[in-house]
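Please look through the structure below with attention to charged side chains and backbone angles. The paragraphs that follow take these in turn.

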Amino acid sequence: MSKMVRETWLNTRAHHIIDRLYQADPEKWRADNGQSFMALCREKIKEVAAELPVYNDDMVNGRAVRIRAIVQNQLEDEYFRLDYEIPPVGGQPTHFPVCYRSFMDSADGRPYSGQPIRRSRYMMAPVPGASAWWDTEWAGNAETPEVMDFGNFVATVVEESFRPNSIMELYGFASKAPLDQDSEETDESLKRPIFYVIDWKPYVETIDDAAPLCSTYQEILDSAIGDPTAARFLMLNLLAKVYSRNPLPPQCTLPVTLCGVTNPKPIIDLVRSLMPRVIHLRLTSEEFSTSFASYRDYDRGIMVQGKLQCALDNTVLIIDETELPEGSVPIQGDDRTASQNKASLEQIMNSQAIDYDFSFYPVNFEVDMPIIVISHDAGRALKTPWRIPFPGEVGPLAVDDSTLRMFRKSISAAKEKLKGIEIMTEEISRGFSNMTHTHVAGGYDKVERFHHILAVCRLSVAHNGRHTITPEVWNEALALEAKCAEKFNEWNNGAADPRLVFAPTE
């Protein structure tokens, strides 16, 4: 006689578990219109959340899974009654909960009385720029990033609001899209798998306050790059995090251009080995012809995801100019899209925000993206405040996996300490006043200049594990900037700044 196997979230379809929980006491769940029932489902799936397999496109089979994705766009809400009643066949009617269903299989079913319940719908997407190690760490075992291979899907969640561009960890199950891809229906959301969310939580970066200081690892970065000044500015760039937007400009950004680069891949690989999310934006004639910012396609009923739509924070934007042709850049058709793309890049650098195009009006979305421009020359798409010639050869970080993990943790910990750094206000004001009186007049905005120096100070303090911007730190920042300018001027030899010019073609 075979032994009965107990059904759990891990070995049977999620609907079987949900239906049995509901049918144990339908009257109890109806008393509060399903609130306590849905709370019970969340409690039950939490018990096995860490053991659930990671979702991919082959798992639209109703089994409980977990997934980490970005909220790409909010869709229209839908409403439903708590349960459906199936007429009896020689016995009592059977009730099925509709919290995690779009429809009933039986045409004879009818909605049971009760107040309509709102279910929010979101188009979800893979997290843009996700580094392989970041995905693998979240999988929590030997699974590889390929296991997390999935396309956009529609997440439904009962009476809950998700913030656009936030990263969410979802626990539930998926079913096939209501319509086939070749359907004549124009609403693209109906052609995507549906993920029924039972439990969820916003993804939060894990901060290890006991992590070593970033300065502990500076020599490792110096060795890989071969130039201490360039390595220091790259490190400070990776530590950058917007801690205040009032007053503008956003505080503590450090966009940098790495000049004279012929092979960008080693730099990109190095940054990806340290940062959880890295957007590699290749600037080519073809790329400039398509919108970098997201825009609303009303005919298809979706928000088209642009290359610059990413997680709210801690995503590095690498703007790769190394494939741009010499001279003007040919653009298919007119140059309006290309010009808008350039404006979007400038908007991110100056305001740490980007406008999404809703045709009738733009909607401004905040971002927090350290910018690294990689260029053959001094930078054509953006003129960043800091430009530094980069060595010809960049090697990998010569460390073991354990040290590399601690290096990553030290960066995350330093970012979190930026806002709490204090300033010796009177002394720093005096230092800035002295600097502006001794500096050659003209050519720069004093307020902008002050924020630039202050960003270097604040990031240097976090880098070294200090707590206060002192006159000593201020002078160190001035010396570091002077060294950067000296190297750039020696490399550039007085050449005029290159310009990015578009040449529309038919």
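Is Arg 282 buried, partly exposed or exposed? At 33% relative accessibility, Arg 282 counts as partly exposed, where buried means under 20% relative accessible area, exposed over 50% and partly exposed in between (1.4 Å probe, protein chains only). The model is predicted, so local features need pLDDT of at least 70 and side-chain atom pairs pLDDT 80 or more, while totals for chains, interfaces and linings use all residues. Residues are numbered from 1 along each chain as its sequence is written, and side-chain values use heavy atoms, without hydrogens or water.

Arg 282 forms a salt bridge with Glu 287, the closest N and O atoms being 3.7 Å apart; the term means a side-chain nitrogen of Lys or Arg within 4 Å of a carboxyl oxygen of Asp or Glu. Shared partners join Arg 282, Glu 287, Lys 307 and Glu 323 into one network. Glu 287 is buried at 17%.

By this rule there are 26 salt bridges. One of them pairs Glu 78 with Arg 119 at 2.8 Å, N to O. Glu 78 is in strand β2 (residues 78-80) and Arg 119 in strand β6 (residues 117-125), 41 residues apart; helices (H or I, at least four residues) and strands (E, at least two) are DSSP runs, numbered from the N terminus. Arg 119 counts as buried because its relative accessibility is 3%, whereas Glu 78, at 24%, is partly exposed.

Turning to the backbone, most residues other than glycine have a negative phi. Asn 165 has a positive phi near 75 degrees. Asn 165 sits in the loop between β7 (153-158) and β8 (167-175) and is buried, at 1% relative accessibility.
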